[in-house]
Amino acid sequence: MKVASNLSSSYLCTIDVAGASLVIHPSDFRQSGEWQLFTLMVRIDNNFGAIETRCINFAPGVTDLYLDYINVMPGDARGIYSGEIMLDGKGNLGLGTQDTKGYRLVVNGAAIFTKAVVKNQQNWPDYVFDSTYQLPHLDSVAAFIQQNKHLPEVPAATEVQQKGVDLAANQAVLLKKVEELTLYMIEVKKENALLIEKNRQMQEEVTELKKQIKQVIK
């Protein structure tokens, strides 16, 4: 249905379908002149002959109402169907879409969370810190990046564009890369400490040689 103007909150009419009724106000519509789907749950006997749809108690002068089509949904498709929300009989919820593609929740548009928890079924990558973990050599990582233009185990941009991002799996692989990076930094610090110690020893040897040279010259 659509209305010429949605500015009024006054009563417009009542839609009656097989004894079930739906009260309509212009303000129920998102926008003026825009088609919007309304859902009315009715119980119909198996031997029904025809379904009568009537617009009764119409309040003239409020606005114009237009009716386009009526869909009769079978019992196994029971749920909530509207232009913005779809909850089918299997518990699949669509917000901003009626096509969930079999997913439990589909949101067509932006969403804001104050808190979201994803229960990850995979192994959390603390195994990176296990003594048996084989840390990839940086040369092999550099070669992989040079060839593929992304980190190992991290999905490429084309894959993300086609399939989206699995939040739990992506968070796990990002944490794994952070943990590997931490191990690389620890190794660099150890190597740097060895170089500093070696440099100190060389400086001491140079100082000692200078002393010996001065004594020989005298």
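In the predicted model, three strands form an open sheet in the order β3-β2-β4, and their pairing is antiparallel. The edge positions are taken by β3 (20–24) and β4 (53–56); each has a single partner strand, so one side of each is left without a neighbour in the sheet. From one strand to the next, the twist averages 20°. Strand β2 (residues 13–17) runs antiparallel to β4 and is joined to it by four bridges. Within β4, Ile-56 stands opposite Thr-14.

The largest nonpolar core comprises eight residues: Met-1, Val-3, Leu-12, Cys-13, Ile-15, Val-17, Ile-24 and Phe-29. Strand β2 gives the most to this core, contributing three residues. When residues up to four places away in sequence are not counted, Ile-24 touches Met-1, Tyr-11, Leu-12, Cys-13, Ile-15, Phe-29 and Phe-38. In soluble globular proteins, nonpolar side chains tend to be buried together.

Helix α3 (residues 167–217) contains 51 residues, which at 1.5 Å a residue should span 75 Å; the end C-alpha atoms of the helix are 74 Å apart, in agreement with this expectation. The N-terminal end of α3 is capped by Asp-166, a side-chain oxygen of which lies 3.1 Å from the backbone nitrogen of Ala-168. Ala-168 is also one of the buried residues of α3.

Key: Residues are numbered from 1 along each chain as its sequence is written. This is a predicted model: local features need pLDDT of at least 70, side-chain atom pairs count only at pLDDT 80 or more; totals for chains, interfaces and linings use all residues. Side-chain values use heavy atoms; hydrogens and water are left out. Two strands pair if DSSP finds at least two bridges between them. Helices (H or I, at least four residues) and strands (E, at least two) are DSSP runs, numbered from the N terminus. Axes are lines fitted to C-alpha atoms, for helices over the stretch in contact, and angles run from 0 to 180 degrees between N-to-C directions. The expected span of a helix is 1.5 Å times one less than its number of residues. Buried means under 20% relative accessible area, exposed over 50%, partly exposed in between (1.4 Å probe, protein chains only). A polar contact is a pair of N or O atoms within 3.5 Å; within protein, one must be able to donate a hydrogen and the other to accept it, and residues adjacent in sequence count only if both atoms are side-chain atoms. A nonpolar core is a set of buried Ala, Val, Leu, Ile, Met, Phe, Trp, Tyr and Cys residues joined through side-chain atoms within 4.5 Å. Contact means heavy atoms within 4.5 Å.
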